[in-house]
Each structure stands twice: as structure tokens, then as C-alpha cells.
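Hi,

Here is the structure I promised to pass on to you. Have a look at it first, and then read my notes below.

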Amino acid sequence: MKNMRLLVFLGAMTALVLGLGVSGCAGPKRFSPVSPVQQPAGRTLVDGLQLVGVGLAEQKTSLTVSATGACLVLDGRSGQRLARLDGGEVELTCRRSGDRVVWQSGQRKGIADVVVLQPLDPGYRVGYGDHRYRGEFLILPTPASLGLTLVNNVELENYLRGVVPWEIGRHGRDRMAALEAQAVAARTYTISHLKSRSSRGFDVFASVMDQVYRGSADEDAFCNEAIDQTAGLILRYGGKEIEAYYSACCGGVTSRIEEVWAREGMPYLVSHVDAMDSGEPFCSDYRYYHWREEWTAGRLEEILQTTLPEYLAYMSEPARIEWAGSLFIPRDAGGQGAVPGGLLDLEILDRTTSGRVSHLAVRTEAGEYRVRGDRVRWVLRPESGNPAILRSARFEVELIHRDGRLAEVATRGRGYGHGIGLCQAGSLVMAERGYTFREILAHYYPGVSPTVGTITKRK
Ligand SMILES: [Zn+2]
């Protein structure tokens, strides 16, 4: 979850204000959502704060975007209209000039700090690469770097239509409650992560860094129905939106957030068995409830030459160093963390309350690396690249020696993902068994209930 845009939502008036957060200058003009959602009877939308800025591309030398109908080209700071582009298919190409954006469409061209491509009809779609999107595009200079950044500025409920089917998959009506729970979790995640990528010029990434978002071309009717049925509902604890994390499969036991990441604990992100009345875990039939990954010692040694130095750099950042504790103990005076050398041994030193590896010792010719929390999944990267990181941190290690030397390493594990919050595999089974989306959310986020209301003001 994902998601996580340069729209900086300034709190005053709960208006969405597009701020670039880069140079400290005043943010550009606020642009209204181009496709206001229809409110189902009896529901109130999240008040006012509805736009999401989704980062689609960064550091692009040039960007060519399109639209399926007539559009305005606007100056993103002043709101001034620069051009009207007519035709059935509109195309706009941008490149960077200094700290500004040069735009061109046919014979028409100009320059602005930020360029907005805004369809004149909310039924039109904007396009980039193979994908179409609801809403509008913003093109701005990539902050503190070269090239251009492309942001899709889209109304929250429409954004979810491009997220929910990619995050939980496509399912029938018998699993509608899980789709509804996912819609509420994704909506809440989005709200609680607004501004989280503001230094880059948007709110959320369109990938697993936040939530996978693929625009409007492959929306799913049941997912859209689940989004509409729960429109405006968000999860709160103590009057504030929660951090609604979710993952594919908890492997039978969910995670405490502070044991997985360098984060503070939260009363609703605790570890519990993914079952009712101590029965079989809801997610136990999931295809990766059990998994195995293996390497020859030589291949793992090669992988570790990259992943261990990356781990040291990642954990040495100020936000993590204290949580991480001791990272590397040299074997002798010459041992350097940046050069691991030959692999000697692996040992699980400690586990979290949910049984996940919390400290893994990786011993090499350079010394002992102490790999902490979920980052063990990045360090023990699968050789195939699929998945890109180890499926979960809930695993056992098997070491196979031959002729007195380490020959093979295998991990046998459970679940897929960090295991914090909602377990998607479990929620689908709960839905099949007749639990409502409120019951599913209460199971995975204890003490929290979905409510409708004004979003907490954000700084
Ligand atoms: Zn589960």
C-alpha cells in the first residue's frame, strides 16, 4: 500500500491547494475537481478535500500527454488560460527549460512554471503511455533534479476506481464485503498519506510504494459499486484518520507496526491471529500462505554484495538509525560494511510477537550484519526477481552444508507482504462467509469504525 503527489493540501478551509513544496514560493492556483462524484442518497462526501495528486512519472526529459477531447492549457500557478486545444484527440508535448516548462501542441506553444492540461468535459480522459486517466494532468519541473514530473490530479473517489481492482483483484458479488472493506481502507490510506510525497510534487506514488493505480481503462464494475456504496467513509481512531495499512496475506498472524518498521506503535495496528474463536486462519488457503525460496550459497553471496550495503545505507538514515540499533560488527580491524565478501552463515537472532524475523545475523568475511525488521525481505532478495523481495519476514532458515562449507540456503515462510492491518486474502474469505465490511474492518483494525465526516485539518 501502498501510494504513495505534489498536490499539497493546505488545511485552511479544507481546500485542496496545489502547492509545489519545492522552492517555498506560494503554491499555484487551486483547481477544482474536473469530475465531481455523484453522491449516493443519504451519504455525505468527505468534505471539500477530494483531490489527490498521483505521481505518474519523474525526471522525464520530455513528456507527451494526450486527451480524448477538447482541453484547456492553464498556467498552474496563476490559473491563467494559455490555450484551448480542440479536436477529438489532443496531444501536448512538454520539455524543461531552466525551472520552467515549455509546452507545444501543433503550432501553438508557450512557457509556464507549471502546465495544467484540463479536459473541458469530465467524460474525457487524459492519457500518458498506454494508460488513460480521469481528472487532469499537471506537468512541473522535477524538484531538486532534472527533467519533468507528471501528476494526475484526480478526485478521490475516482482515484479509488483506478486503485481497488489492482490492489485486491477482481471478484464476484459473493465477495462484495471485502471489496467494500478494501475501498474504505484505500480511501483512508489515501487521506492519511496526503502530502506524504510533497517534496516530490505530489501526494502518492501510483505503485506499491503507496497504492497501485492504473487509471480508468480497466475499472471493475463490482469494485466501482463497492466504492460507491462506501462513498466518503473513512476509518478513524481518536478523531483522526488511521494509517490504514493492508497487505496480501498475513500468513495467519498480523504484525505490530513498530516491530516491522521504524515507526511508533498504534493501538489499532497490533498483532492478532487472523481467525475468529481460535479457528483456522481465514487466509490459510491463499496460494502463498506457505512458500519457499532458495539460493545456492554462491548466488546468495552475489546478491548480498549489493543488498547488504544498500541495507546499511537505508538504515543509517536519521529516521531509522536509533530503531535499528547495531547494524554491523566488523570481523576484524579490516572489515568494511560496504564490502561484504564471502558468505559464512545466517542466523535468526530474534522474532517479533507475530513470529516474524526481527533480527537476522548475516555473517560474512567482513563481519556480522544485523538485519532488522521488514528489511530482511530486501536483503534476502529472490534470485528470480519475482517477487522482487522476499514474500514475508515470517520464515525459517535452512542451511545446507557440503564438505564443511555452506552450499545452499533456503527459507520456508508464510504469507505475502508486511502483514500490518487488513489481510486481503483473509478479508475475501470473511466476505464469502457472510461477514459485513464493517465486521471485516473491525477485525483487522481493532477499535476503529468507519465514519463519514470532515477530514482532519492537515498542516
Ligand atoms: Zn491473514
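Predicted model: local features only at pLDDT ≥ 70, side-chain atom pairs only at ≥ 80, totals over all residues.

The arrangement around the zinc ion is tetrahedral, because its four donor atoms subtend angles of 101 to 117°. As background, the ideal angle for four tetrahedral donors is 109.5 degrees. Which protein atoms hold the donor positions? They are the SG atoms of Cys250, Cys283 and Cys423 together with OD of Asp274, and they lie 2.1 to 2.3 Å from the zinc ion. If you want to find them along the chain, look for the spacing C-x23-D-x8-C-x139-C.

Next, the aromatic rings. A pair of aromatic rings is described by the distance of the centres and the angle of the planes. How many aromatic pairs does a search of the whole structure find? There are eleven. One of them joins Tyr159 and Tyr213: the ring centres are 5.1 Å apart and the planes meet at 45°, so this pair is tilted. Tyr159 belongs to helix H1 (residues 156–161), whereas Tyr213 is in the loop between strand S13 (204–205) and helix H4 (221–229), so the pair ties together parts that are 54 residues apart in sequence. Are these two tyrosines buried or exposed? Tyr159 is buried, at 0% relative accessible area, and Tyr213 also counts as buried, at 4%. Together with Tyr133 and Phe137, they form one aromatic cluster.

Another pair to look at is Tyr286 with Tyr288, which is edge-to-face, with 6.1 Å from centre to centre and 70° between the planes. Here Tyr286 is partly exposed, because its relative accessible area of 26% falls between the cut-offs of 20% for buried and 50% for exposed.

The charged end of Arg320 sits over the ring of Tyr314, 3.6 Å from the ring centre. Arg214 lies over the face of Trp166, and the distance to that ring centre is 4.5 Å.

Enjoy exploring!

Best wishes

How values were computed: Residues numbered from 1 in each chain as written. Heavy atoms only, no water. Phe/Tyr/Trp six-rings, centres within 6.5 Å; stacked < 30°, edge-to-face > 60°. Helix = DSSP H or I, 4+ residues; strand = E, 2+ residues; numbered from the N terminus. Buried < 20%, exposed > 50% of the residue type's maximum accessible area, 1.4 Å probe, protein only. Lys NZ or Arg CZ within 6 Å of the ring centre and 35° of its normal. Donors = N, O, S within 2.8 Å, 3.2 Å for Na, K, Ca; no water. Tetrahedral: all angles 85-135°; square planar, octahedral: opposite > 155°, others 65-115°.
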